[in-house]
Amino acid sequence: MSLLIKDVDETNWRKIVALSVSKNQQDFIESNAQSLLEAAYDVSLQWRPLALYDDAQLVGFSMVGAKRGKEMWLDRIMIGTDFQGKGYGTKFISLLMDFMKEHYGINRIYLSVHDKNKKIIPYYQRFGFIDSQRYDPANGERLMYFDF
Ligand SMILES: CC(=O)SCCNC(=O)CCNC(=O)[C@H](O)C(C)(C)COP(=O)(O)OP(=O)(O)OC[C@H]1O[C@@H](n2cnc3c(N)ncnc32)[C@H](O)[C@@H]1OP(=O)(O)O
């Protein structure tokens, strides 16, 4: 594996739009097309969409942003259906956390998860995220956070 995080640009946005999760996961996350539109138009939140590659192969997507002081959001993490269960999520989440620390100098990361996504809270706990047991009023999702 040779894992890379790249910005989204005119060379890769179409492939990102074409990358999706399986049908039974579609309630857990917006489509990549929706996320790219939010990044383009919700300008006040300064989303940075990121393409996740293994060598030249696009395998996933995420976006980071909504920074306030030393706190920032890690959002919309997905690994394409064909690439799931091979350890990409585990490796990229750690890389994304390092990326955020290095590029933005933050000391807390927030994320939110869908209640129906039963495996996801223990999954993020493995990286040290804490379940706040509170809900984001914006979307009703459960809030988790990580402190560096
Ligand atoms: C902040 C947010 O973005 S919350 C939204 C998170 N994204 C999603 O729910 C989209 C759909 N899911 C996915 O894209 C992927 O399942 C990811 C990103 C959660 C994990 O990526 P993968 O590369 O498959 O993960 P990896 O291979 O490292 O580990 C597999 C583990 O993912 C965990 N997992 C978490 N959520 C799920 C899910 N919805 N479906 C399947 N596995 C999941 C499981 O615990 C699994 O471990 P197991 O095989 O022992 O059961």
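Helices (H or I, at least four residues) and strands (E, at least two) are DSSP runs here, numbered from the N terminus. The model is predicted: local features need pLDDT of at least 70, side-chain atom pairs count only at pLDDT 80 or more, and totals for chains, interfaces and linings use all residues. Residues are numbered from 1 along each chain as its sequence is written, and side-chain values use heavy atoms, with hydrogens and water left out.

Let's start with the pocket. A pocket, on a 1 Å grid over the protein atoms alone, is an open set of points where a 1.4 Å probe fits, with protein on both sides within 12 Å along at least five of seven lines; lining residues have an atom within 4 Å of a point. The largest pocket holds about 1100 Å³ of space, a volume filled by probe spheres set on grid points joined across faces, edges and corners. Its lining runs to 43 residues, with I29, I77, N117, I120 and Y124 nearest the centre. β4 gives the largest share of that lining, 7 residues.

The ligand takes up this largest pocket, where sitting in a pocket asks for more than half of a molecule's atoms within 2 Å of its grid points. Around the ligand are 25 residues, of which I77, G85, G87, G89 and T90 come nearest; being near takes a heavy atom within 4 Å. β4 again gives the largest share, 6 residues of the shell.

Now the polar contacts, meaning pairs of N or O atoms within 3.5 Å:

| Protein atom | Ligand atom | Distance |
|---|---|---|
| I77, polar backbone | nitrogen | 2.7 Å |
| N117, polar side-chain | oxygen | 2.9 Å |
| R126, polar side-chain | oxygen | 3.3 Å |

On its own the ligand has 910 Å² of accessible area, and the protein covers 81% of that (Shrake-Rupley method, 1.4 Å probe).

Methods:
A polar contact is a pair of N or O atoms within 3.5 Å; within protein, one must be able to donate a hydrogen and the other to accept it, and residues adjacent in sequence count only if both atoms are side-chain atoms.
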